[in-house]
Structures are given as structure tokens and as C-alpha cells.
Amino acid sequence: QEIRLEDYKAPVFTIDKIDLTFRLHDDHAEVEARSLFKMHGDAGGALQLDGGPFMDLLALEIDGQPVPADQFVKSADFLQIRAVPKTFELGIITKVYPKQNTRLEGLYFSGGNFCTQCEAEGFRHITYFPDRPDVLTRYMVRVEADKESCPVLLSNGNPKESGDLENGRHFAVWDDPHLKPSYLFALVAGDLACQSDSFRTASGRHVELNIFVAERDLDKCDYAMQSLKRAMVWDEEEYGLEYDLDVYNIVAVSDFNMGAMENKGLNVFNTKYVLASPETATDADFDHVEGVIGHEYFHNWTGNRVTCRDWFQLSLKEGLTVFRDQEFSSDMTSRAVKRLDDVRVLRMLQYPEDAGPLAHPVRPEKYIEINNFYTTTVYNKGAEVIRMMHCIIGPEAFRKGMDLYFERHDGQAATCEDFATAMEDASGVDLKQFRLWYSQAGTPKVVVRRERDGEDLILTFEQSCGASPGQALKLPYHMPVRVGLIGPNGGDVKGEIEGDGVWSSSECVLHLRNARQSFRFRNVPEGTVPSILRGFSAPVVLDHDLSDDELAFLAVQDSDAFVRWEASQDLFSRHLVKQVETNGVGHLPELLQQVFVGHLEDKDTDPALIAELLALPSEIALGQKLDVLMPERVHVAREALAKALAGASSEKIIALYHSLTAGHGYTLDQSAKAARRLRNMLLTYIALLPDGEAIIQAHYAQADNMTDCMAALTLIAHSDFAFRDQTLADFYSKWQKNDLVIDKWFAVQAQSKRPDTVARVRALTEHEAFTFNNPNRLRSLISTYSMLNQVRFHEKSGEGYRFLGEMIAKVDEINPQTAARLVAPLGRWGRVEEPRRGFMKDALTSVLKAPNLSDDVRELVEKSLA
Ligand code: ARG
Ligand code: ZN
């Protein structure tokens with residue numbers, strides 16, 4: 001049952017409208033659907049509807065007449081009616097069981113409330129329907145439930161009517177005037193508290209804003225509400241896009257497979273991305289709330305008003321909306337630091353995906369289970385593809401292209417091709433070659449070499465991209481490479497260029513199109529250092545010939561924050577990779593220490609950026625630089641360098657740490673957040689000093705917010721401090737009523753680099769607070785361990801792999817989508833040597849032996865073994 005892009009066929013009917021009635025009861029729900037179909041072309045043909053194996057069909061009617069049993073066929077996943085008239089009303093009554101639904105797809109029950117998740121193909125578990133994104137219609141929804149247990153009844157669109165019914169029941173009718181596909185349908189019913197506010201759009205529409213949460217969480221919604229209003233303003237100012245309904249409802253639920261869902265007018269969120277208070281959420285959590293609130297809000301235009309023709313086009317809405325939320329967060333926080341955060345995520349998650357057996361293009365060409373394609377490639381690399389277009393055609397043309405895209409496709413289901421065409425038409429720039437970013441998988445490698453020719457500097461670029469599953473050969477990409485020139489005195493040099501590039505004030509964008517291409521910069525003073533790939537203008541792996549001294553120079557002097565950071569990271573990585581390859585524990589190179597101290601003493605740079613400049617590359621980032629991953633050596637070398645740096649600058653580190661403590665009361669201002677970020681980064685070095693223990697203990701004891709608390713607890717969890725176990729136990733008893741904080745408690749233990757971590761993680765699956773039913777809890781323990789704790793996951797005994805294999809099989813019985821999201825780390829066996837390689841494959845093979853394995857997990861495990 002592989003679905004292929006090339007097989008796409010437009011539907012042969014339209015649906016004028018659908019009326020849905022939900023009768024919610026304690027142990028089941030009855031769903032009545034009445035839709036007006038219009039068949040095009042061949043009338044009298046068959047009608048095939050999607051369905052699912054977990055619902056009962058109670059009635060099936062055409063124009064009010066029951067369809068005789070011999071006139072339809074029902075299987076586990078579809079319903080086919082042999083012959084239908086040209087136009088007709090289809091009536092269906094189904095019965096579903098929300099409380100038994102642990103897959104969290106379709107209609108389910110979470111924390112005492114009914115809720116839905118329909119993207120991508122959940123609606124077919126509610127009623128029989130053409131459950132595909134290119135079938136758009138108008139929804140009118142009536143919800144009936146017990147008034148006491150479900151006082152709140154919500155669906156998409158605007159509220160129309162509500163009232164009481166017999167037997168203590170009540171109803172509400174919701175009318176969504178906008179055309180939408182079934183994946184954007186939503187319903188929520190339950191006992192929820194609500195924080196309300198309002199917004200007036202630029203054109204004067206009054207919008208009621210509501211955030212629905214459990215009563216006990218009502219004090220943690222402010223930041224989400226403020227973020228929503230900021231997002232609404234931002235989209236009006238940046239793109240001229242306004243909200244289009246009278247209400248915007250957000251509901252937070254604790255059991256959710258993903259982050260959040262952009263259902264029209266009724267977003268459903270994972271509590272993790274709504275609830276935030278200083279005592280319970282870190283600064284990073286606050287940023288994520290703002291980012292995800294923005295993301296779902298921006299979907300209202302990029303996703304809902306213009307949706308996807310088919311699921312191969314998923315990045316049309318996701319890549320674009322991630323780009324939009326990244327830009328929003330950049331404008332709300334620090335653009336430079338946000339970029340580093342995004343690049344780090346891309347390299348840590350997307351690069352391994354692109355290099356492994358699950359690699360696929362931003363626009364995939366085939367799938368078995370579409371839920372497996374909600375990937376970092378579709379989302380994050382997809383956002384990079386949009387960012388490159390923005391860079392290539394420039395911000396004004398990009399905005400014109402967006403306008404044109406909405407002008408052409410509002411109310412339609414569109415394709416990635418439509419988007420590229422709009423950008424092309426608006427800018428006049430040919431993007432034919434650029435489209436390869438949509439169709440070719442893999443991370444391109446770019447090698448740049450320098451040459452001097454008299455007064456001129458010549459940069460020669462060579463691009464290549466290794467084979468991916470099903471794609472042996474790749475064509476050269478069109479990639480924008482932002483380049484600056486840093487003169488010997490440290491300032492930007494304005495150049496004159498020969499070749500395909502355009503100078504703006506202090507830098508230029510080179511258009512790399514060929515496998516090998518040179519650019520000549522005229523009259524470049526001796527001692528000038530090129531600053532290449534500024535802002536990480538293309539998602540590639542860059543190989544350059546800069547010397548250590550030149551990197552050190554860029555790390556201090558570059559006006560581009562990304563290159564500054566990258567140069568520091570390169571300098572550290574070069575040293576560490578050498579240590580790993582020679583298994584050496586050499587001295588601390590003078591130059592590294594100088595650069596490190598330079599950052600410590602830098603008073604002109606945003607402290608949040610300093611924090612990142614001081615950070616050593618992660619073990620995962622270092623692992624990627626090796627041909628063969630040697631996890632222990634990476635760990636040992638990195639710890640040794642951190643310790644040496646800390647030791648050599650201990651007084652400066654401690655002094656800066658204390659200076660950041662004084663006079664910084666807790667606020668959520670950017671400057672206070674930046675100071676915390678730097679102070680907590682310094683704490684990681686302090687942990688390696690002889691008197692570190694006392695400082696960390698004090699840091700923990702004095703923390704009046706979760707950011708500082710977690711910074712200390714993370715280090716405590718790694719440590720052998722005598723108070724370690726007691727501190728973890730105290731933290732647990734203090735927070736055991738707060739799920740999101742307890743998730744952190746699990747995560748911090750899963751991240752510990754201590755040798756006993758794998759045993760502890762396994763033991764934690766038996767803890768009273770652990771449950772296989774809640775995706776957040778699973779991810780906090782199992783994904784944190786297997787995806788972020790490189791050295792402890794890759795235990796030589798193979799115990800980490802066996803543990804993960806067992807967990808995948810176990811979770812799959814409950815929730816296949818979430819189980820599938822655990823598979824990827826086991827597929828990276830190509831990066832390690834025996835015996836690890838064999839152990840990883842064994843773990844994958846053992847998953848395949850599980851009875852009733854889902855398609856979700858099977859697809860990924862089989863690909864991972866291939
Ligand atoms: N569209 C949602 C988002 O904003 C993701 C939901 C996907 N859910 C799923 N089960 N595949 O990004
Ligand atoms: Zn999205």
C-alpha cells in the first residue's frame with residue numbers, strides 16, 4: 001500500500017457542505033454526517049470513502065433511503081458504494097469509542113476531555129469520508145453531551161447556537177464559513193477553564209481569544225495569550241494577513257502526539273506549548289510557547305486558507321510556516337541567537353536523517369504511512385528552502401511572491417510547485433534549478449578553496465551530494481552563499497566581484513549553480529579573511545581552508561554572528577577531532593584558550609550570544625565530524641577540553657558568574673534572559689572546577705525560577721555529588737503534581753552522562769510516575785536518552801539499543817505514531833563499528849518480530865535495516 005506522488009488524481013466530485021452531529025456519551029460517541037455530493041464526469045459510478053477499523057457503521061443512506069447491504073462494501077479502511085447518482089445527500093451514522101483510543105488520532109479522550117486529532121488521516125476514524133486534503137467543504141457541527149461533565153463544547157468556526165436538552169444534556173452548534181479539508185476539523189468537549197482576551201484586526205474585526213485549560217493550569221496561560229496577540233500583529237505588519245473568524249480558540253491537552261494542531265479556529269495544543277510560568281518553565285520553554293503559538297496561528301493562512309493538494313506537498317505548509325515562526329521569534333527575541341538555535345537543531349536532527357536510511361526529499365515521492373513524514377526534513381529543511389528563496393530573490397520580491405501566492409490560491413489546495421512559481425513570477429528570477437531542493441534528498445557538501453592572483457582573491461567552490469535511498473546521482477543545486485570580507489583591521493571590506501554575485505553594503509550573495517564555480521574578488525588587501533556562508537545561507541556542510549589563526553580572527557572580529565560562532569566551533573572541533581582520532585589527551589592549545597578568554601572578556605556582545613560562543617560543540621555535533629563514531633572518545637575528549645578551559649580561566653569564569661548574579665532579579669526581558677543564559681553556561685564550566693560543587697549546590701538552592709533550577713539540576717544529575725540522589729528525590733516530591741515539570745525530571749536523568757544511566761533509565765520505566773500512554777512522558781525519558789545522550793545510548797554492551805528496541809515494540813501496541821518516532825536512532829548503525837553495528841541491527845530485527853506490528857513502525861524499521 002505504497003502511495004506515490006506520480007499517481008495523484010484529482011477527485012471526481014465536490015462536496016457542497018457537511019453537517020455533522022456528535023452525540024457524546026460516557027463510553028462511546030455517535031456521529032451523524034450528512035454531506036451534499038456532486039459527482040463530476042462519470043455519474044452512476046462508484047463512490048469510495050476512507051474509513052478505519054475502530055468504528056461501527058450504524059446507518060448508511062442516500063437521499064434519506066438506506067443503502068441496501070448488497071450495494072456497498074466495507075473493509076477495514078474503506079467503504080465503497082457501488083453506484084451513486086449525480087448529486088445526492090449522503091447520510092452516515094458511525095459509532096466510535098474515544099476512551100479506548102490510545103492512538104490519539106481521530107476522536108479520543110484526554111485528561112477528562114473529548115478531543116480530536118485529524119491531521120493527517122484521523123477524520124476517517126470518525127466517519128467515512130474522502131479524507132484527503134484536496135476535498136474542501138463547509139462544515140456545520142452540532143455537539144451534544146452531558147452538561148455537567150462537558151460544560152464546554154467546541155468546534156471550528158464561529159459559535160452559532162447553544163442550549164439545553166433533556167436528561168441533563170446540552171448542545172452547541174458551530175458554523176465554519178471557510179472551506180476546509182477534513183484534516184482541519186476539530187472538536188473538543190469537556191470541563192475546561194478559560195482565559196479570555198480580545199484582538200482588533202487592522203481592518204476592525206473584533207476577535208475573541210480564548211485559551212482553554214484544566215482549572216489548575218489557569219495561572220499559566222498569560223504568556224501564550226500575549227504570544228498570540230504578538231503573532232496576530234506580526235502577521236498583519238509583515239504580510240498584511242488578518243484573522244478571519246470572530247473567535248480564536250486554543251485548547252491545551254496533556255496527551256498529544258505532536259506539538260500542536262492548527263485546526264481552523266480551534267487549535268489543539270500539547271500543554272507543553274501553552275502552559276508557562278517562571279516557577280515551572282525555563283526560558284527555552286517560554287520561547288517554544290511563543291514559537292509554537294505563532295506557528296499554529298500563521299498556519300491560518302499558510303496551511304488553512306491555502307492548503308495542500310496532497311500529503312507529498314506537506315512542506316508547502318510546514319516548511320513555509322516554520323520559516324514564518326522562525327522569523328517571528330527572531331523579531332521578538334534575538335535574531336542572531338535564534339539563528340544559531342535553528343541551525344543547531346537542523347544539524348543535530350535533520351542532518352543525521354538526511355545522511356541515513358530514512359532520508360527523503362523535502363517533497364517525498366512515496367510513502368506507506370504519511371505520519372512518518374512529519375519529519376525534520378519536511379519541517380526544518382523545508383524552512384531552509386524557503387529561507388534560501390528569500391535570500392535569492394530578496395525580501396521585497398519575497399513579499400510580492402507571498403501576495404501573489406495568496407491572490408492565486410486562496411481557498412485552494414496547492415502544491416510546492418505553485419509556491420515556487422509565485423516566487424518566480426513575482427521576482428522574475430528563474431528558480432528552475434532551485435527546485436532541486438524539493439526533489440533531491442541528502443545534505444550537499446561544499447568545498448571552498450582560496451587562491452590569490454595579484455591583488456585579487458579567487459574563491460573556488462565545489463558542490464557535491466552523496467547518494468540517498470533511491471537517488472544515486474544528484475544534480476548541482478542553486479544555492480545562495482553569503483560572503484563578506486574581513487580586512488586585516490577587523491572591519492568589513494567592500495569588494496568588487498566578478499562572477500554571479502551581487503554586493504550589498506558589506507557583503508555579497510554568490511549564486512552557486514555549477515558543480516565547480518569560481519568567483520574573483522578584485523583588489524582585496526593582503527590579510528583579508530573571507531567570511532563564508534554568513535547567516536548559514538544554505539543548509540550544506542562547508543569545508544574551507546581557513547587556518548586556525550584565521551578562524552580565531554573571525555571568531556572575534558566577524559560582524560556576522562553565525563560565522564563568529566561557527567569559527568569558534570570549528571576551532572574547537574578541529575582540536576577535538578584530532579584528539580579523538582589519535583586517542584590523545586593533549587595540552588590545551590594556546591589559541592583555543594585565547595579565543596575562549598576573548599569571549600569571556602567581550603563586553604560588547606549580547607550575553608546570550610557570548611554564552612553560545614563559549615559553548616563547546618556537542619558530542620553529537622562532534623560525532624558527525626568523524627567517519628566512524630567513537631562515542632566514548634568523543635565524550636572523554638570534550639570533557640577534557642572543557643575542564644582544561646575551565647581550569648585555565650577559573651577566576652574569570654567565577655567572577656563573571658558572580659557579576660551576572662548581582663542585580664538580576666527575575667524578569668522575562670530579553671536582557672534578563674540573556675544574562676541567565678550566560679550565567680548558566682558558565683555554571684557548566686564551574687561544575688568542572690574543584691570548588692564547583694558548592695557553587696552548584698548554592699545555585700540550585702537559590703534558584704527562584706525553573707531556568708536556573710534546571711541548569712543546576714542537569715549538572716547535579718551528571719555528577720557524583722553526595723547530594724545528587726537526595727536532590728532528585730526532593731525535586732520529585734516537590735513537583736509530582738505537575739506533569740510538565742516531572743517530564744523534566746525524567747529528561748534530566750535520561751541525559752546524565754554517568755555510566756549507570758542506561759540502568760537508571762530502564763528502572764525509571766517502572767517508576768510510579770512513568771506511563772506508556774502519555775507521549776510527553778515517553779519522549780522525556782526514552783527519546784531524550786536515545787536521541788540526545790550519545791555516549792550512554794551507544795553503550796558497548798548494546799544495552800541501550802536493546803532497551804530502545806523493547807520500548808518501540810511496547811509503545812507500538814498503544815500508540816503506533818509515537819512508537820514510530822522512536823525508531824530513527826537505531827537506524828544509524830552505518831556510523832558505528834562492530835560489535836555496536838550488529839547490536840543495533842539485532843534490536844531492529846527484534847522489533848520486526850513483535851506480533852501485530854503497525855505499518856508506522858514497520859515502514860521505518862524495514863527502511864532502517866535496508
Ligand atoms: N500540522 C501540525 C503542525 O503544526 C502537526 C500535526 C501533525 N500530526 C500528526 N499526527 N501527524 O505542525
Ligand atoms: Zn505546522
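Which residues does UniProt assign to the feature "domain: Peptidase M1 membrane alanine aminopeptidase"? The UniProt record, an unreviewed entry, places this feature at residues 223-434; such annotations may be inferred rather than shown by experiment.

The model is predicted, with local features requiring pLDDT of at least 70 and side-chain atom pairs pLDDT 80 or more, while totals for chains, interfaces and linings use all residues. Residues are numbered from 1 along each chain as its sequence is written, and chains are lettered from A and ligands numbered from 1 in the order in which they are written.

**Exercise 1.** State the helix and strand content of residues 223-434 and of residues 442-544.

Solution. Helices (H or I, at least four residues) and strands (E, at least two) are DSSP runs, numbered from the N terminus. Residues 223-434 are 56% helix and 9% strand. Residues 442-544, which the unreviewed UniProt entry labels "domain: Peptidase M1 alanyl aminopeptidase Ig-like fold", are 0% helix and 50% strand.

**Exercise 2.** Determine which residues of α26 are buried (20 or more other C-beta atoms, placed from the backbone, within 10 Å of their own) and how they are arranged.

Solution. The buried residues are R836, F839, M840, A843, L844 and V847. Seen down the axis of α26, they fall within an arc of 135° (taken from the directions from the helix axis to the C-beta atoms), so they line one face of the helix. In general, an α-helix has 3.6 residues a turn, so residues three or four places apart point the same way.

Methods:
Buried ≥ 20, exposed ≤ 12 C-beta atoms within 10 Å, placed from the backbone.
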